[in-house]
Amino acid sequence: MSTTPSIRSAAPQPAVQPSTTEQPSAPAAAPAQAPAAAPQDRYAASDRPSGPRPQLSGADRSTPYLASMHVGEEIPQRQLTRVMSLTEPAAQDAVAKTADGINQQMGPRIGGRDAADAFIPKAVERDELGMTHVRMDRTHNGVPVLGEQVIGHLGQDGNLSSLTGDVQAIPPELGRGETKVSQQQAVDAAMKAYGQASDVPPTAERVIVQDANGQYRDAYRVATQ
């Protein structure tokens, strides 16, 4: 048998590609999204500012600064001034100490050691610091002195610490006897100056006032309400 290869078998043969059936390509899968970050708890203790608030310079005062409180944290309530009843023993004690202070500190220039007899307690208040304040309206011969009041200030220990109020001596004859202008004349003059009718009948109260020159005078206070 001849072993000489044939021309066909010796010639290079093209590579045979395997037969495949083209399949439609599947759509590309969407890239997996990262899980959404949990919302930050702005009330978390780690985010809460600690220590003293920083002092800002003029250049960085626009920088936001967050101060927060825990949900449910109680907001401190400020104590308000309490108006005491004048019949309370503590209020009466405060009035007596204020009267003693008026006699000692103001008596020499406004009426001697009984000067406090001319002052009527108006109100007694205790503030959020525990201090007591006594408001005393001034009178003279039983007639109110318009706009004059002395205030006694008592500390937490209940002792008088100071007096406020500028009062001067009043001529002894004021507030006594008849006035130069009658009550009705005072009403007529006041309504004329008022310049319009009033639905409420005007009233007049005798008072003592200090004029622009610092002189005390008898007067009437006319009101329409």
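These legends accompany close-up views of a predicted model. Residues are numbered from 1 along each chain as its sequence is written, and side-chain values use heavy atoms, without hydrogens or water. In this predicted model, local features need pLDDT of at least 70 and side-chain atom pairs count only at pLDDT 80 or more, while totals for chains, interfaces and linings use all residues.

View 1. The order from the N terminus is α-β-α-α-β-β-β-β-α-β-β. Helices (H or I, at least four residues) and strands (E, at least two) are DSSP runs, numbered from the N terminus. Of the 225 residues, 21% count as buried (under 20% relative accessible area, 1.4 Å probe, protein chains only). The accessible surface is about 17,300 Å² (Shrake-Rupley method, 1.4 Å probe). Carbon and sulfur atoms hold 52% of that surface. Among contacts (heavy atoms within 4.5 Å) with a separation of 6 or more, 49% join residues 24 or more positions apart.

**View 2. E148 in strand 4.** Strand 4 spans residues 143-154. E148 is buried, at a relative accessible area of 9%. Its side chain makes a polar contact with the side chain of Y216, at 2.5 Å. A polar contact is a pair of N or O atoms within 3.5 Å; within protein, one must be able to donate a hydrogen and the other to accept it, and residues adjacent in sequence count only if both atoms are side-chain atoms. Beyond four places in sequence, E148 also touches residues including M136, R138, D166 and Q210.

**View 3. The hairpin of strand 4 and strand 5.** Strand 5 covers residues 160-164 and pairs with strand 4 in the antiparallel sense, over four bridges (pairing needs at least two DSSP bridges). L154 stands opposite L160. Five residues lie between the strands, and G158 takes a positive phi near 85 degrees.

**View 4. The largest nonpolar core, with 18 residues.** A nonpolar core is a set of buried Ala, Val, Leu, Ile, Met, Phe, Trp, Tyr and Cys residues joined through side-chain atoms within 4.5 Å. I102, M106, V134 and V150 have the most contacts inside this core. Helix 2 (89-105), strand 2 (119-126), strand 3 (132-140) and strand 4 each supply at least two residues. Helix 2 gives the most, with five.

**View 5. A second, separate core of six residues.** Its members include V145, I170, L174 and I208.

Key
Buried means under 20% relative accessible area, exposed over 50%, partly exposed in between (1.4 Å probe, protein chains only).
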